[in-house]
Amino acid sequence: MFYAAGTLMNMALPLAVLLASLMTFGNMGERLEVVAMKSAGIPISKMMLPLAITALLITIFAFWYADKVIPKANLKLRTLIYNVQEQKPALNIESGVFYNGFDDVTIRIGNKKSDNATIEDVLIYDHSRHQGNVTMTYAKSGVMKMTDDERYLLFILKDGYFWDESVNMESQTASKPLNRANFKEQYKRFDLSSFQLKDEDEEFFASSQQAMPLRMLSEKIDTLKVMIQDSKREISRGFINNLYYFSNFVRDVDVLEPKLPLDSLPHLTKSQRSLAYNYAKMNVETVQSSIKFACDDVYYRNLSLYSYQVEYQNKFTFSLACLLFFFIGAPLGSIIRKGGIGIPLVITVAFFTFYFMLTAFGKNMAVTGEMSAFAGVWLSTFILIPICFFLTYKATVDSSLMSADTYHKLYKKWKVKIASLIKSKRK
């Protein structure tokens with residue numbers, strides 16, 4: 001939960017800045033503090049300046065956090081989830097199923113009670129000698145539990161027997177002694193060290209784009225671009241070479257003369273012509289298959305490149321969103337003049353939902369290659385910038401943009417105009 005919360009910081013910060021700026025200036029407007037300061041000759045821009053600097057500092061922090069902390073949190077989160085998934089089978093031995101999660105041991109539990117500890121009809125096969133099912137332990141009942149240090153899984157078996165049939169692999173005529181022993185209670189311990197969390201598992205997820213800082217993302221993008229260009233050159237070179245080679249396909253047919261010119265194909269016998277056509281068709285299909293495979297490789301490399309480019313641009317857009325949301329929340333709060341958490345929260349959710357939908361739309365378009373990574377990721381930012389300028393201007397000129405009286409007067413004005421227009425047309 002800690003690592004997951006750390007990965008969501010880049011979305012929480014813009015939302016928090018928007019709500020905080022809306023509530024702050026909404027409270028000031030509702031208590032007429034904004035009006036008092038304007039009456040004293042303090043413009044709205046000067047009121048916003050200290051908080052704008054604070055928002056800028058938050059933006060810088062958000063960029064640093066997105067580049068340094070979030071990749072590490074993503075890496076730790078993915079590694080932890082993977083290790084937990086790997087650790088779970090050691091404790092998830094189901095009833096009636098042969099479980100071979102331990103080295104050289106297969107376990108079958110006929111029935112496991114609801115407490116996940118009491119077990120019945122237990123079979124344990126020891127395959128450490130790699131001679132088949134020659135060593136077996138059976139118990140009517142028992143208890144399965146972890147040791148206190150959680151390093152071992154302990155089986156306390158009751159009312160059973162042990163079966164061991166030794167096999168001499170060097171001689172077919174050698175004796176095969178059988179050892180059989182009954183027991184009232186027996187302890188079996190299984191090592192869980194292979195299921196413990198490992199730091200080296202992080203290397204497996206280190207190549208994920210969410211786990212890379214800007215420097216590594218930039219290097220990965222450059223590497224993928226070079227690989228894609230090399231693949232395209234190989235496709236072109238292979239196509240040209242095959243075209244040159246197969247343009248002389250008639251000369252390579254064994255039954256034909258080695259230096260038979262290509263324009264003599266119509267003069268060949270029916271069997272020779274059929275053989276030449278089949279030979280050409282086979283080679284063209286081979287070339288088509290190899291080119292299709294190479295093109296598919298380039299296609300999937302491009303998809304990987306798009307995902308890394310999108311993640312690279314995300315580092316900037318989510319950070320800049322903190323500053324943009326301030327210039328939406330602060331002027332909007334001074335315009336609506338409503339404090340508290342009710343109306344500001346509704347407006348915050350509406351704006352952030354709009355921003356999130358635009359971001360998701362642009363990101364999906366960029367990941368699939370239908371739009372460049374820069375245009376797709378920055379789409380929401382380009383739409384928010386004009387809104388910021390518009391709201392800041394309206395707050396500076398003391399606009400009554402969100403006043404109900406303003407829209408009521410506008411409605412009356414247009415109603416009179418429409419009525420006079422209809423009256424003039426009737427005349």
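**Group meeting: the pocket, a helix pair and the sheet**

Good morning. The largest pocket in this predicted model is lined by 17 residues, and those nearest its centre are Asn 10, Glu 311, Asn 314, Phe 318 and Lys 363. A pocket here is found on a 1 Å grid over the protein atoms alone, as an open set of points where a 1.4 Å probe fits, with protein on both sides within 12 Å along at least five of seven lines; lining residues have an atom within 4 Å of a point.

Residues are numbered from 1 along each chain as its sequence is written, and side-chain values use heavy atoms, with hydrogens and water left out. As the model is predicted, local features need pLDDT of at least 70 and side-chain atom pairs count only at pLDDT 80 or more, while totals for chains, interfaces and linings use all residues.

The volume of the largest pocket is about 370 Å³, taken as the space filled by probe spheres set on the points, which are joined across faces, edges and corners. Which helices supply at least two residues each of its lining? They are α2 (9-30), α4 (44-87), α7 (270-336) and α8 (342-367); helices are DSSP runs of H or I with at least four residues, strands are runs of E with at least two, and both are numbered from the N terminus. The largest share, five residues, comes from α8. By class, the lining holds seven nonpolar, seven polar and three charged residues. Here Ala, Val, Leu, Ile, Met, Phe, Trp, Tyr, Cys and Pro count as nonpolar, Asp, Glu, Lys and Arg as charged, and the others, Gly among them, as polar.

Helix α8 also meets α2. Residues of α2 including Leu 15, Leu 18 and Leu 22 are in contact with a set in α8 that includes Ile 347, Phe 351 and Phe 352, contact meaning heavy atoms within 4.5 Å. The residues of this contact divide into 13 nonpolar, one polar and no charged.

Let me turn to the strands. Six of them form an open antiparallel sheet, ordered β1-β2-β3-β4-β5-β6; strands pair if DSSP finds at least two bridges between them. At the edges stand β1 (98-99) and β6, each with a single partner strand, so one side of each is left without a neighbour in the sheet. Strands β4 (residues 135-146) and β5 (residues 152-165) pair over eleven bridges, with Tyr 138 partnered by Tyr 161 in β5. Between β5 and β6 (residues 178-191) there are 13 bridges, and Gly 160 stands opposite Phe 183 in β6.

Thank you.
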